[in-house]
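Dear colleague,

I am passing on a structure for you to look through, and below it I have set out what was found. Please keep the view open while you read.

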Amino acid sequence: CVAATKGLRMVTRFMAGRDVAQAGTTDLTPSIRWILAGLSLSMLLSSIGTSIANVSLPTLAQAFDASFQQVQWVVIAYLVTITTVIVSVGRLGDMTGRRRLLLVGVFLFTVASVLCGVAPTLWLLIAARAAQGLGAAIMMALTMAFVGETVPKSQVGSAMGLLGTMSAIGTALGPSLGGMLISEFSWRAIFLINLPLGLLIFLLAYRFLPVDRPRQQVDRLGFDHAGTLLLALTLAAYTLAMTIGRGSFGPRNLALLVATLLGAGLFLFAETRAESPLIRLTMFRNPLLSASLIMSGLVSTVMMATLVVGPFYLSRTLGLNAALIGLVLSVGPLCAALTGVPAGRLADRLGPQRMTVLGLIGIAAGAFLLSVIPATLGIYGYTAPLIVITVGYALFQTANNTAVMTDTRPEQRGVISGLLNLSRNLGLITGASVMGAVFAAASSTIDITTAPPAAVAIGMQVTFAVAAVLILVALAIAVATYRRELYGWAMAPTAES
């Protein structure tokens, strides 16, 4: 509740122009403030949709008399759809116009939410969740693209920070809001609650987003259908390989990984032959873009470790009940929500490259502390490093997105925004599987739910030692990419002051 209230205050302050007064000399016009309000609510809604359904799985299993393996597709369908199409819809927005496509995405998400809420069978619910994921992918991909198009360059960091704040609030609010709605009403309420907010976002976008301008002829060469299909199948295979089996790796997972490699090869070949490729491979010659995507994937992999390992460590080693576990885990999203806009201000003032490095240093420091802090320090020994990690993540995410989107050409904002979101999603998916496997192996147990407290503690320490190494790799990439600016900053720290 505190995070949600803070987020709404931030939106209000943005609309009043007070939250960016110090970020630059250009004031935001009323229309831009309303645009930011709509984009922020769009990010909030899509983030809630990602996390709110997880808490409903036990209820859905009872309501539809289904197994866990069946009801988990309510979550997987949404995740797979977002991951497979987010780059494609970003490219489609670049070609056909972002405003009209965003309106389609919001409308689709809202209608699909209603269909989820009235679905009479589990498989219709899963189909509606896939449609909801398509709408969410459009909203996620185009929201960041619109920031680069509508917000003055000196204030992009603050706007990105606001979007990051709303994303964190949505992620944190989803489980608690879902639990409350299920207990007071039914599982259908967690989907129907999207209707009023979706309508509000649609009206704000229709009223205030700039009308799409006619595209140049180069953007009208045609849509890359073959590349889109190959990329979607490749990403779907990878997502399924990392999610099915509830953490076990069997023949199906191996077959899907082989299919992923084959699909990736075919996709790269198709893009070199396409007249208007979905992703122009020459974009990756830009060291800033390539480094940002790799760093985003590594950081997201590590952040997922806090969600995978945290609950087991808190319950098995520290002996906390479910209520206290939920409270401790909410500290991370709350810190990210409170740090988002200040991180954006710092990115505007000090430069996004410098803040990216500082954010990575924070994440690495927090991961290292979790790898060495003994269990005898209890809740505080876990919470303090978690705060360091999430504050560092807020700094990194805001600065990294700002660094990429600020200098992106207008005709590429949609696809690059999609790539940023894709790298984050792939990192989360990989983290859930790989870091979970590291945790289980380090705990020396087959069933982590029955592992001794000391074994779980060792597993947690080893997992975050691996996480710290991954962040050091990301930090090395950042320093190598930004070395000129960082060197100049270190030699002349007062030049900009």
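A crossing of two helices is called left-handed if the near helix is turned anticlockwise from the far one by less than a right angle, and right-handed if it is turned clockwise. Please bear in mind that this is a predicted model. With that term in hand, you can look at helix α13 (residues 287-317) and helix α16 (residues 352-372), whose crossing is left-handed. Their axes lie 12 Å apart and the helices pack at an angle of about 25 degrees, which makes α13 roughly parallel to α16, since angles under 35 degrees count as such. Met295, Val299 and Val302 of α13 make the contact with Thr356, Leu360 and Ile363 of α16, and by class this contact has five nonpolar residues, one polar and no charged ones.

A second pair is formed by helix α5 (residues 73-96) and helix α6 (residues 98-118), which pack at an angle of about 155 degrees with their axes 9 Å apart, so that α5 is roughly antiparallel to α6. Sorted by class, the contact of α5 with α6 has five nonpolar, two polar and three charged residues.

If neighbours within four places in sequence are left aside, the residues in contact with Val87 include Leu231, Leu278, Ile279 and Leu422.

Definitions and conventions: Residues are numbered from 1 along each chain as its sequence is written. This is a predicted model: local features need pLDDT of at least 70, side-chain atom pairs count only at pLDDT 80 or more; totals for chains, interfaces and linings use all residues. Side-chain values use heavy atoms; hydrogens and water are left out. Contact means heavy atoms within 4.5 Å. Axes are lines fitted to C-alpha atoms, for helices over the stretch in contact, and angles run from 0 to 180 degrees between N-to-C directions. Helices (H or I, at least four residues) and strands (E, at least two) are DSSP runs, numbered from the N terminus. Angles under 35 degrees count as roughly parallel, over 145 as roughly antiparallel, 65 to 115 as roughly perpendicular and the rest as oblique. Ala, Val, Leu, Ile, Met, Phe, Trp, Tyr, Cys and Pro count as nonpolar, Asp, Glu, Lys and Arg as charged, and the others, Gly among them, as polar.
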